[in-house]
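Subject: Structure for your review

Dear colleague,

Please find below the structure that I am handing over to you.

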Amino acid sequence: MLRFDRIQRGAHWANAILFGVLMVTAIPLYFGSLFGIVLQRHLVAQVHLWTGVALPLPIIVSLVGPWGAQMRWDIQRINYWTADEIRWLKSLGRTPLEADKFNPGQKLNAIFVGATIVVMLATGSVLQWFRLFPVSWRTGSTFVHDVFALAVFVVVIGHVIMALTHRDSLVSMIKGRVSEAWAASHAAAWLHEQKVLEGSGEPE
Ligand code: HEM
């Protein structure tokens, strides 16, 4: 079964590379004493800035236009929460759930990534073009940029550990497909929906 089309996989890996570059360059920017040992500060700051400016592009390009139909459909899924999903999340996965294409943890991860892109772009722009903003905005932006940066490290490391320990999910983000057996045990509601669509002659 097709879980992610080529547009979605391309957007995911482009986004992952941009996040990776931002995280690697953030370390010497935060720990200023690494400069001179690692790289020149100006160069690192420029790479960080322009990678940051490019950060929303993979998501935007994958959403607009006729090629973005499955991406748009999946964003709707991520924004739709059933009472069972909220209960599952509150019980940390201990209540039964007939999961949709994405489980509540995966939905939360996607929402965090989307919010992070907006927040980091906004606060990073204030840090860069600081002359345009009052001092209080600059102070607030530095604080928010740093707090979100810490959260990004925690969430991305967790995400990578989950990917490495859930091989079928990882392979579906590389090759696009999962088996029906996987869907039956991890995304039963989605499998059911796909069967109904197949029966009516219009698979997603
Ligand atoms: C994954 C996302 C990101 C992470 C983890 C991250 C992390 C960081 C960290 C830790 C710093 C050092 C702050 C300090 O010294 O207190 C920094 C600085 C900065 N970031 Fe980001 N950032 C991210 C995204 C962005 C984006 C999207 C932009 C876009 C404009 C941006 C622009 C900047 C700028 C202009 C600075 C100041 C550089 C300097 O000191 O010259 N960042 N970032």
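Predicted model: local features only at pLDDT ≥ 70, side-chain atom pairs only at ≥ 80, totals over all residues.

Residues are numbered from 1 along each chain as its sequence is written.

The chain as a whole

The secondary structure of the protein chain consists of 10 helices and zero strands. Here helices (H or I, at least four residues) and strands (E, at least two) are DSSP runs, numbered from the N terminus. In sequence order the pattern is α-α-α-α-α-α-α-α-α-α. The C-alpha trace spans about 60 × 40 × 35 Å along its principal axes.

Of the 204 residues, 13% count as buried. A residue is buried if 20 or more other C-beta atoms lie within 10 Å of its own, exposed if 12 or fewer, and partly exposed in between, with C-beta atoms placed from the backbone. Two residues are in contact if their C-beta atoms, placed from the backbone, lie within 7 Å. Among contacts with a separation of 6 or more, 62% join residues 24 or more positions apart.

How the helices pack

Two packed helices are described by the angle between their axes and the distance between the axes. The axes are lines fitted to C-alpha atoms, for helices over the stretch in contact, and angles run from 0 to 180 degrees between N-to-C directions. A crossing is left-handed if the near helix is turned anticlockwise from the far one by less than a right angle, and right-handed if clockwise. For residue classes, Ala, Val, Leu, Ile, Met, Phe, Trp, Tyr, Cys and Pro count as nonpolar, Asp, Glu, Lys and Arg as charged, and the others, Gly among them, as polar.

Helix H1 (residues 6-30) and helix H2 (residues 41-54) pack at an angle of about 145°, with their axes 9 Å apart. H1 passes H2 in a left-handed crossing. On the H1 side the contact includes Leu18, Val21 and Leu22, and on the H2 side it includes Val44, Ala45 and Val47. By class, this contact of H1 with H2 has 10 nonpolar, four polar and no charged residues.

H1 also meets helix H7 (residues 135-165), and the axes of H1 and H7 come within 11 Å and cross at roughly 125°. That angle makes H1 oblique to H7; angles under 35 degrees count as roughly parallel, over 145 as roughly antiparallel, 65 to 115 as roughly perpendicular and the rest as oblique. The crossing of H1 and H7 is left-handed. Phe19, Met23 and Ala26 in H1 meet Ala149, Val152, Phe153 and Val156 in H7. The contact of H1 with H7 has seven nonpolar, no polar and no charged residues.

The axes of helix H6 (residues 104-128) and H7 come within 9 Å and cross at roughly 150°. This crossing of H6 and H7 is also left-handed. Residues of H6 including Phe112, Val119 and Met120 meet residues of H7 including Trp137, Val144 and Phe148. The contact of H6 with H7 divides into 10 nonpolar, eight polar and one charged.

The nonpolar core

Which residues form the largest nonpolar core? There are six: Ala99, Val178, Ala183, Ala187, Trp190 and Leu191. A nonpolar core is a set of buried Ala, Val, Leu, Ile, Met, Phe, Trp, Tyr and Cys residues joined through C-beta atoms within 7 Å. Leaving aside neighbours within four places in sequence, leucine 191 is in contact with Glu180, Ala183 and Ala184.

Leucine 92 lies in the loop between H5 and H6. Leucine 92 has a positive phi of about 55° although it is not a glycine. Leucine 92 is exposed because 8 other C-beta atoms lie within 10 Å.

Glycine 199 is found in helix H10 (residues 188-199). Glycine 199 is exposed, with 9 other C-beta atoms within 10 Å.

With kind regards
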